[in-house]
Amino acid sequence: FSETSLVVRFYTKDFGKLHTIIKGAKRPKGKFRTPFQIASLNEIVFYHKNQGGLHLVSEAMLLDHFPLAKTHISQLGYFHYLIELTDKLNLSEEANQEFFQLLLFCLKSLSSGDEPGEKIARIFEVRALGLAGFLPNFEGCQACKGSLEEGGYFLFPLGNLICKKCADVKDGKAGLSFSQKISQGAIHTFRYINKAPMGRVLRIELEPDIQKELETILTNFIR
């Protein structure tokens with residue numbers, strides 16, 4: 001590649017994650033006026049490489065660079081986290097339009113500054129895991145298929161939830177080494193965030209203890 005070329009990874013609505021090259025992007029008087037900032041919203045035209053390699057971007061127009069989120073230190077870390085998690089959960093060139101819309105919705109919410117970044121991050125994690133096919137089943141115990149209405153335990157290696165009765169059996173067999181106790185309130189919150197319309201989810205009020213539970217479980221599970 002020449003010194004004026006730029007290799008950029010885009011997450012697109014119609015084509016999923018794309019690895020591209022933009023020739024002349026660093027040229028001072030080149031045709032590209034878009035700064036290609038991280039997590040900016042762009043409209044691009046590209047030539048698809050059928051046998052691997054980098055797709056060639058021929059045109060690009062900046063639509064939004066979410067300036068408010070990038071000028072608030074409290075939101076900036078979450079802004080980058082959403083991008084990193086999107087990259088982690090999506091394979092190259094596998095379109096997921098719902099995931100794209102979720103990411104765009106959460107980036108705009110962060111940029112507005114109306115909601116705490118921590119809350120938006122938890123919502124994004126739950127919905128993103130669901131759309132990527134990795135969200136555990138919060139509807140019942142994975143061991144006995146019984147109810148989780150009294151809470152239970154989250155088993156990190158498998159991403160399963162078990163009820164307290166099954167947890168007592170596993171504890172006797174040293175089966176809870178990598179687990180986290182989860183309350184009934186946290187289970188209900190997981191269910192609500194995953195199923196309710198996004199406009200309603202964003203209005204949810206997370207109690208500090210519930211938010212801490214969600215953060216601990218999601219951070220350790222995603223890691």
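User: How are α2 and α4 oriented relative to each other? Please go on from there to the core and its aromatic rings.

Analyst: In this predicted model, helix α2 (residues 73–89) packs with helix α4 (residues 117–132) at an angle of about 5 degrees, their axes lying 10 Å apart. Angles under 35 degrees count as roughly parallel, and α2 and α4 are therefore roughly parallel to each other. On the α2 side the contact includes Y78, Y81, L82 and L85, while α4 contributes, among others, A121, F124, A128 and L129; by type, the residues of this contact divide into ten nonpolar, three polar and two charged.

F124 also belongs to the largest nonpolar core, which has 50 residues, and together with F138, I182 and F190 it touches the most other members. Helix α3 (residues 97–112) gives the most to this core, namely eight residues.

Turning to the rings, the search of the whole structure finds nine aromatic pairs. In one of them, F138 and F190 have ring centres 4.2 Å apart and planes at 15 degrees, so this pair is stacked. The pair links distant parts of the chain, since F138 sits in the loop between α4 and β5 (152–155) and F190 in helix α6 (residues 184–195), 52 residues apart. F138 is buried, with a relative accessible area of 5%, and F190 is buried with a value of 1%. F154 and F156 form a tilted pair, with 5.2 Å from centre to centre and 55 degrees between the planes, and both residues are buried. Ring pairs join F138, F154, F156, F190 and F221 into a cluster.

Methods: Residues numbered from 1 in each chain as written. Predicted model: local features only at pLDDT ≥ 70, side-chain atom pairs only at ≥ 80, totals over all residues. Heavy atoms only, no water. Core = buried A, V, L, I, M, F, W, Y, C linked by side-chain atoms within 4.5 Å. Buried < 20%, exposed > 50% of the residue type's maximum accessible area, 1.4 Å probe, protein only. Helix = DSSP H or I, 4+ residues; strand = E, 2+ residues; numbered from the N terminus. Axes fitted to C-alpha atoms, helices over the stretch in contact; angles between N-to-C directions. Parallel < 35°, antiparallel > 145°, perpendicular 65-115°, else oblique. Contact = heavy atoms within 4.5 Å. Nonpolar A, V, L, I, M, F, W, Y, C, P; charged D, E, K, R; others polar. Phe/Tyr/Trp six-rings, centres within 6.5 Å; stacked < 30°, edge-to-face > 60°.
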